[in-house]
Amino acid sequence: MLQRLMNNATPAHAHCDLFCGVYDPAQAKIEALSCLKTIQKYHDSDDEHFKTRAIIIKERQAEEVKHHLMVLWADFFTKDHFEQFPNLHQLFWEGVKGAGDVKKSLDAAVAEKLLKTIDEIADIFWQTDKGKQMGVYPPK
């Protein structure tokens, strides 16, 4: 009977299967750095097969950036954070939109702009008490 009920269920995906409390903008930054390095390697290569693989990898990693930013936006930051940092929604919009721009581009400057936005989000993250408790890679 349970199987019949589950047949029409829609799969759900989450950062993790329980509220683990581990967050860090470094996840988005690592993926964005991967995009930048992949774009650079694309331009350094004359191998068309390599270039095709580089595009596929860059687009996959840019999608991961979007995912990690959305997790931070939806699961980590609270209404109080958005009141304390009024530009935070705009930064997330720019970050998610910027990751989409990286997917559509082979311009290293587009990936560098995305990294700058992620760094601005990270700066705010580490200013919060919650970030200091839940973050993994604090700034030096």
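User: Which residues line the largest pocket?

Analyst: In this predicted model, the lining of the largest pocket is made by Asp 24, Pro 25, Ala 26, Lys 29, Ala 122, Asp 123, Trp 126, Tyr 137, Pro 138, Pro 139 and Lys 140. The space in the largest pocket comes to about 190 Å³. Helix 2 (26–44) and helix 6 are the elements that give two or more residues to this lining, and the largest share, 3 residues, comes from helix 6.

User: How do you know what classes of residue make up the lining of the largest pocket?

Analyst: Ala, Trp, Tyr and Pro count as nonpolar, while Asp and Lys count as charged, and sorting the lining in this way gives 7 nonpolar, no polar and 4 charged residues.

User: Why are helix 5 and helix 6 called roughly antiparallel?

Analyst: Helix 5 (residues 88–103) and helix 6 (residues 108–127) pack at an angle of about 150 degrees, and their axes lie 9 Å apart. Angles over 145 degrees count as roughly antiparallel, and therefore these two helices, helix 5 and helix 6, are given that name. Their crossing is left-handed. On the side of helix 5 the contact includes Leu 88, Leu 91 and Phe 92, and on the side of helix 6 it includes Val 110, Ala 111 and Leu 114. By class, this contact of helix 5 with helix 6 has 10 nonpolar, 3 polar and 3 charged residues.

User: What makes helix 3 and helix 6 roughly parallel?

Analyst: The axes of helix 3 (residues 48–76) and helix 6 cross at roughly 25 degrees and come within 13 Å. Since angles under 35 degrees count as roughly parallel, helix 3 and helix 6 are therefore described with that word. The crossing of these two helices is left-handed.

User: Which residues make the contact between helix 3 and helix 6, and of what class are they?

Analyst: Helix 3 contributes Val 65, Leu 69, Leu 72 and Phe 76, and helix 6 contributes Leu 114, Ile 118, Ile 121 and Phe 125. Val, Leu, Ile and Phe count as nonpolar, and the contact of helix 3 with helix 6 accordingly has 8 nonpolar, no polar and no charged residues.

Conventions. Residues numbered from 1 in each chain as written. Predicted model: local features only at pLDDT ≥ 70, side-chain atom pairs only at ≥ 80, totals over all residues. Heavy atoms only, no water. Axes fitted to C-alpha atoms, helices over the stretch in contact; angles between N-to-C directions. Helix = DSSP H or I, 4+ residues; strand = E, 2+ residues; numbered from the N terminus. Parallel < 35°, antiparallel > 145°, perpendicular 65-115°, else oblique. Left-handed = near helix turned anticlockwise from the far one by under 90°. Contact = heavy atoms within 4.5 Å. 1 Å grid on protein atoms, 1.4 Å probe; cavity = no way out; pocket = protein on both sides within 12 Å on 5 of 7 lines; lining within 4 Å. Points joined across faces, edges and corners; volume = space filled by probe spheres on them.
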